Amino acid sequence: MPERLAEMLLDLWTPLVILWITLPPCVHTAPMNQSPVLTSGSHLELSRPSEEQRILNRSKRGWVWNQMFVLEEFSGPEPILVGRLHTDLDPGSKKIKYILSGDGAGTIFQINDITGDIHAIKRLDREEKAEYTLTAQAVDWETNKPLEPPSEFIIKVQDINDNAPEFLNGPYHATVPEMSILGTSVTNVTATDADDPVYGNSAKLVYSILEGQPYFSIEPETAIIKTALPNMDREAKEEYLVVIQAKDMGGHSGGLSGTTTLTVTLTDVNDNPPKFAQSLYHFSVPEDVLLGTAIGRVKANDQDIGDNAQSSYDIIDGDGTMLFEITSDAQAQDGIIRLRKPLDFETKKSYTLKVEAANVHVDPRFSGRGPFKDTATVKIVVEDADEPPVFSSPTYLLEVHENAALNSVIGQVTARDPDITSSPIRFSIDRHTDLERQFNVNAEDGKITLATPLDRELSVWHNITIIATEIRNHSQISRVPVAIKVLDVNDNAPEFASEYEAFLCENGKPGQVIQTVSAMDKDDPKNGHYFLYSLLPEMVNNPNFTIKKNEDNSLSILAKHNGFNRQKQEVYLLPIIISDSGNPPLSSTGTLTIRVCGCSSDGVVQSCNVEAYVLPIGLSMGALIAILACIILLLVIVVLFVTLRRHKNEPLIIKDDEDVRENIIRYDDEGGGEEDTEAFDIATLQNPDGINGFLPRKDIKPDLQFMPRQGLAPVPNGVDVDEFINVRLHEADNDPTAPPYDSIQIYGYEGRGSVAGSLSSLESTTSDSDQNFDYLSDWGPRFKRLGELYSVGESDKET
């Protein structure tokens, strides 16, 4: 406590001394037990005025201001007196009032308007606000009129050491390579202090290490952490915890402090060589193991980590360097021994290898520690296994002529059992490779024979697979491919390469080449094809054509004369004999068709048909056929048009001898009256109730005759015709022998009880005696007949 009190008193005296030195001539500093008084005009008074005051005159202004100070964090029972305002315009009559405005006026700072005393009424914190700017003014007490212009002054908050240092970015982490030299920089830390850095030692920090010696040290002012010991080994200890302290007041007693932690990790360097866990390794492997199979693993341990621990493995010596290889496993850091070539227990039963492991990344700084590699010995024992048969050759190539006899031997395959027991071998053919069963193999000696005839022209190569199986262990089998080449023999006669047809111009010249032909042979002689051409013996002296052999093994046909005529002979057939050079030679006869054609002056074929002579100039047979087809089409159109015109001009009136029932009945035709008894039975209309039995249809002749259906019971007279028609319609609907339509035609009966009455002229009450029907004769034969009927009726009435 005494130390803390002395520190606070020192803080209080310092600004007062500074104020004494820095105040201008118009400002006086009061003794230590009094507050400063700021006055207007020519002098500044202390709180106790006396005659000993020094008076300084200033003529240009009434107010002169400087800074005031107030101690932060000061608290007491009474407000703190910061200072006093006074003006020489105040005679002491209390007619002047002091006004204070600006930062904190009325809330933090309060003024006595009569005396001008300024008090701080709240506890202040410099870290929140370091200074306040206020404005002072003297006004008349009664009128509030300003006596002088307002002036500004500053109240500064005086700092005390009330904030401890802080590490804002802690805790810290850093790395440093292992085996580093003394004084290697690790990292630096920084602490901050909220106190005033320009006033006193409140913000002056000093750094130290509380924990972490003797491995690390720190610069007191810069806070740079360095290694304090050389050659720290990561493999011994990898991580260190360092506690760092920052203390203000320059590290003196009574200062505030803050701490943080720093975790230092040593990073690895390649300072350790690989080391095999054992000097001798033993492995065993069956002799029938597949190539590339892993036989065993060896491992060299390295205390380093990451890339510094990577090692490469090699076989540097031994009797199996050609049979085995070793590869590195980057994940497990192992060396994997694999088989490169097949093993044979019967040949060699064990192998010895010398294996070396060496670091991939070597640090030259530590090369003096010795070679970063190690060696170990590997012994591999080969175990016996039941092996499959081994053929004397990996593949076989056999040749056979295509005319070879059946069951003849083509070749032989051999195989043996490599085991000590030497089991007998049985041979067979994989029939999936010989689907047509063209070959056989002897099961005991492996001789391959021909089973079916061969034809080189169909297939030159035959690829089969021979299987060798141990008799004592059928699971031990081996396969070998056998390629059989079919050799050619001369068994095909040559022939024309294609079907040739030559064209000979009528205006051709003697010796002109008509056609060039070539031959082909399915055989394949060793020296290539060579063909001979000749005419038939009876056509050697052919008067029209001759042949000529060309150097390219082709044949040219030439005309002996000119003046060929299609009228005399249109086509010539020229037989040619083609022979090959085989042993024995084969031949065939091919016939060349030569057609005589009409050609232009430059030899271009135009027509090869005889009909071209009889056609008009410029017209071909196709054009003539097209013209005839057009003429026939026009004739058909004309015939159809005439037929349609005839049908259209026929009269609509039906002749007397025509059956009206076979024609369309017009609705405006009144019919023939009572005399027309062909279309319907007039008796039915006169007595609808009279006939109930079967009435044969007169308009349609049925194909089959059926018994007439049973008629309905007689109904009383006076039945309505509408009901009668409905009854007959019901009968027709249920009678399978009746047509699907009704042919009853009613002309004169209008029905009973009709409001309109009858429209028939036969029942008209009007007298037609004054009518003349002769004009109907001009309308045609039918209307003439109608006029005669009406005339007869009128004459009957008169009589």
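Modeller: Before we start, "buried" here means under 20% relative accessible area, "exposed" means over 50%, and "partly exposed" is in between (1.4 Å probe, protein chains only). This is a predicted model, where local features need pLDDT of at least 70, side-chain atom pairs count only at pLDDT 80 or more, and totals for chains, interfaces and linings use all residues. Residues are numbered from 1 along each chain as its sequence is written, and side-chain values use heavy atoms, with hydrogens and water left out.

Biologist: Okay, salt bridges. How many are there in the whole structure?

Modeller: A search turns up 16, counting a side-chain nitrogen of Lys or Arg within 4 Å of a carboxyl oxygen of Asp or Glu. One of them joins the side chains of arginine 234 and aspartate 268, at 3.0 Å, N to O.

Biologist: Are arginine 234 and aspartate 268 buried or exposed?

Modeller: Both are buried.

Biologist: And where do arginine 234 and aspartate 268 lie?

Modeller: Arginine 234 is in the loop between β13 (224–227) and β14 (239–247), and aspartate 268 is in the loop between β15 (257–267) and β16, so the pair ties together parts 34 residues apart in sequence. Strands here are DSSP runs (E, at least two residues), numbered from the N terminus.

Biologist: What about arginine 595, which side chain does it meet in a salt bridge?

Modeller: That of glutamate 501, at 3.1 Å, N to O. Arginine 595 lies in strand β40 and glutamate 501 in strand β34, so parts 94 residues apart in sequence are tied together. Arginine 595 counts as partly exposed at 23% relative accessibility, and glutamate 501 does too, at 36%. There's also a network: salt bridges that share partners join Arg297, Lys299, Asp329 and Asp334.

Biologist: Switching topic: which residues touch the most other members in the largest nonpolar core?

Modeller: Ile514, Phe545, Ile557, Leu574, Ile576 and Ile594, out of 25 residues. Such a core is a set of buried Ala, Val, Leu, Ile, Met, Phe, Trp, Tyr and Cys residues joined through side-chain atoms within 4.5 Å.

Biologist: Which strand gives the largest share of this core?

Modeller: β39, with five residues. Another core lies apart from it, with 24 residues, including Val298 and Phe324.

Biologist: Last one, sheets. In what order do the four strands of the open sheet come?

Modeller: β16-β18-β21-β20, with antiparallel pairing. β16 (275–276) and β20 (324–329) are at the edges with a single partner strand each, so one side of each has no neighbour in the sheet. Strands count as paired if DSSP finds at least two bridges between them; β20 and β21 have six. Aspartate 329 has aspartate 334 in β21 as its bridge partner.
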